[in-house]
Number of protein chains: 2
Amino acid sequence: MTTARTGAGRASPRGRRAARSAGDDRETAILATAERLLEQRAFGDISIDDLARGAGISRPTFYFYFPSKDAVLLTLLDRVTEEVDAAAGDVLVRLAEDPRARWRELIQRFHETFGAHRALVLACAQVRGTNAEVRRLWAAVLERWVQAIEAAIEAERRRGAAPDGLPARDLAIALNSMNERVWYATFAGDGPAVDERDVVDVLLDLWLAGIYRDTTPPPST
Amino acid sequence: MTTARTGAGRASPRGRRAARSAGDDRETAILATAERLLEQRAFGDISIDDLARGAGISRPTFYFYFPSKDAVLLTLLDRVTEEVDAAAGDVLVRLAEDPRARWRELIQRFHETFGAHRALVLACAQVRGTNAEVRRLWAAVLERWVQAIEAAIEAERRRGAAPDGLPARDLAIALNSMNERVWYATFAGDGPAVDERDVVDVLLDLWLAGIYRDTTPPPST
DNA sequence: GACGTCAGTCAACACCCTGTCGAGTGCCAT
DNA sequence: ATGGCACTCGACAGGGTGTTGACTGACGTC
């Protein structure tokens with residue numbers, strides 16, 4: 001369930017046919033077209049025909065590569081979440097060094113990665129409402145992050161840096177949810193939103209307050 | 001901009017024609033059908049024909065009452081936000097009596113009102129991505145709430161109950177955003193979510209942490 | 001070097017949904 | 001009785017999706 005593309009044909013994704021068949025180019029072209037068009041208009045205003053023409057193929061041919069418009073988005077989303085995971089790296093295991101700095105680093109990296117793909121992230125948030133697959137993928141990704149944060153909170157409590165309080169999982173869910181929605185508003189720019197330059201510090205402050213009741217949690221001794 | 005229905009005909013919403021013309025019934029029937037159908041399937045899977053047939057009229061006739069499917073949702077949303085505002089009442093001006101109890105009351109009432117219309121609220125959250133009108137209305141509603149919370153936070157700081165820190169507006173935005181997303185997950189039931197019975201307390205805890213750095217803020221002396 | 005196979009391609013079709021137009025129908029005031 | 005208005009819908013145009021079936025060309029095989 002890591003890769004969502006599956007496609008219609010091509011059982012073995014990178015089979016015997018030496019390197020990059022013509023189809024590989026087309027698939028890449030579709031993805032690139034999607035990402036490009038998303039910078040210009042909303043996902044709902046992009047038709048399969050737009051994607052196909054952008055990739056230099058006809059509409060029916062599009063279906064050879066992807067079962068639907070949403071599947072393209074899914075593939076793109078999969079990529080970005082991998083990128084985010086890579087950016088987050090091992091920050092959480094090094095929390096005790098300097099909690100405030102590490103949490104900030106984590107939030108900052110999420111912010112940068114999402115910001116670099118804001119059109120795509122916005123599109124996913126929009127489509128999540130109508131598409132069950134996107135919803136499921138996003139839920140799975142979120143679950144991973146929630147579990148990581150939950151574990152980190154518990155570790156901080158165990159070493160006495162953070163007080164007991166809410167169940168760590170509930171706290172992790174709420175904090176992740178806050179980030180998601182706040183980023184969405186900031187990137188979308190409609191409705192009340194935190195300024196992009198401040199958003200990391202605002203979120204950080206609330207994470208520290210929620211986890212430590214304090215903006216300067218103690219490092220390990 | 002309070003009422004969003006506008007409709008195609010009927011310049012004067014409640015004109016001379018004595019009480020309730022036949023059209024009034026139809027309009028109500030459409031709204032009722034929409035709310036009923038929303039409990040069963042997603043907004044996107046409800047066609048205008050469904051709404052019309054449910055109200056006992058033909059599809060073209062639907063357009064006499066509403067300019068689009070989204071306009072129906074908009075009207076419904078307008079209603080719920082009014083209900084929420086009424087439920088919230090003057091809780092915020094009585095904050096100093098017992099801050100923890102009052103904040104809890106506020107969150108609790110939001111929770112109850114949204115919970116009573118969860119299908120509708122979920123539909124709006126979904127459509128907000130694709131429909132500019134819903135987005136604008138929601139943004140306006142949110143802006144009102146954010147301003148109210150911002151003012152309340154500033155009042156708490158002025159009387160010395162809450163410490164200075166983040167700009168009150170940013171704090172208000174983040175807390176409102178958190179609530180919105182957390183409720184969405186709880187009501188939608190997909191992805192990581194806080195249990196419905198705990199959600200008020202979880203949110204309350206984070207509000208108090210964010211605003212007071214303390215779960216038992218002082219009442220007025 | 002004919003031949004089957006299979007990735008890749010698309011014109012044409014069937015379908016569904018939206019929004020509009022124009023021709024009604026019945027009620028009410030004048 | 002008649003003109004206007006609230007209200008109604010059959011029929012159409014348009015645009016999107018997803019599928020079908022025929023076609024092309026490169027490749028391995030005998």
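This report describes helix packing, salt bridges and the chain interface in a predicted model.

## Basis

The model is predicted: local features need pLDDT of at least 70, side-chain atom pairs count only at pLDDT 80 or more, and totals for chains, interfaces and linings use all residues. Residues are numbered from 1 along each chain as its sequence is written, chains are lettered from A and ligands numbered from 1 in the order in which they are written, and side-chain values use heavy atoms, with hydrogens and water left out.

## Interface between chains A and B

In the interface, 37 residues of chain B are in contact (heavy atoms within 4.5 Å) with 37 residues of chain A. The buried area, which is the accessible area (1.4 Å probe) that two parts lose on being put together, summed over both, is about 3100 Å² between chain B and chain A. Carbon and sulfur atoms give 67% of that area. Of the area that chain B buries against chain A, Arg181(B), Pro192(B) and Arg213(B) supply 23%, more than any other three residues.

## Salt bridges

A salt bridge is a side-chain nitrogen of Lys or Arg within 4 Å of a carboxyl oxygen of Asp or Glu. Over all chains the count is 35, and between chain B and chain A it is five. Arg213(B) forms a salt bridge with Asp205(A), at 2.4 Å from N to O.

Within chain A, the side chains of Asp85(A) and Arg144(A) form a salt bridge at 2.2 Å, N to O. This pair links distant parts of the chain, 59 residues apart: Asp85(A) is in helix H4 (residues 69-88) and Arg144(A) is in helix H7. Helices here are DSSP runs (H or I, at least four residues), numbered from the N terminus.

## Helices H7 and H8 of chain A

The axes of H7(A) (residues 132-158) and H8(A) (residues 168-188) come within 8 Å and cross at roughly 125 degrees. Axes are lines fitted to C-alpha atoms, for helices over the stretch in contact, and angles run from 0 to 180 degrees between N-to-C directions. H7(A) is therefore oblique to H8(A); angles under 35 degrees count as roughly parallel, over 145 as roughly antiparallel, 65 to 115 as roughly perpendicular and the rest as oblique.

## Helices H8 and H9 of chain B

H8(B) (residues 168-188) and H9(B) (residues 199-212) pack at about 165 degrees, with their axes 11 Å apart. The two helices are therefore roughly antiparallel. Residues of H8(B) in the contact include Leu171(B) and Trp183(B), and those of H9(B) include Leu203(B) and Trp207(B).
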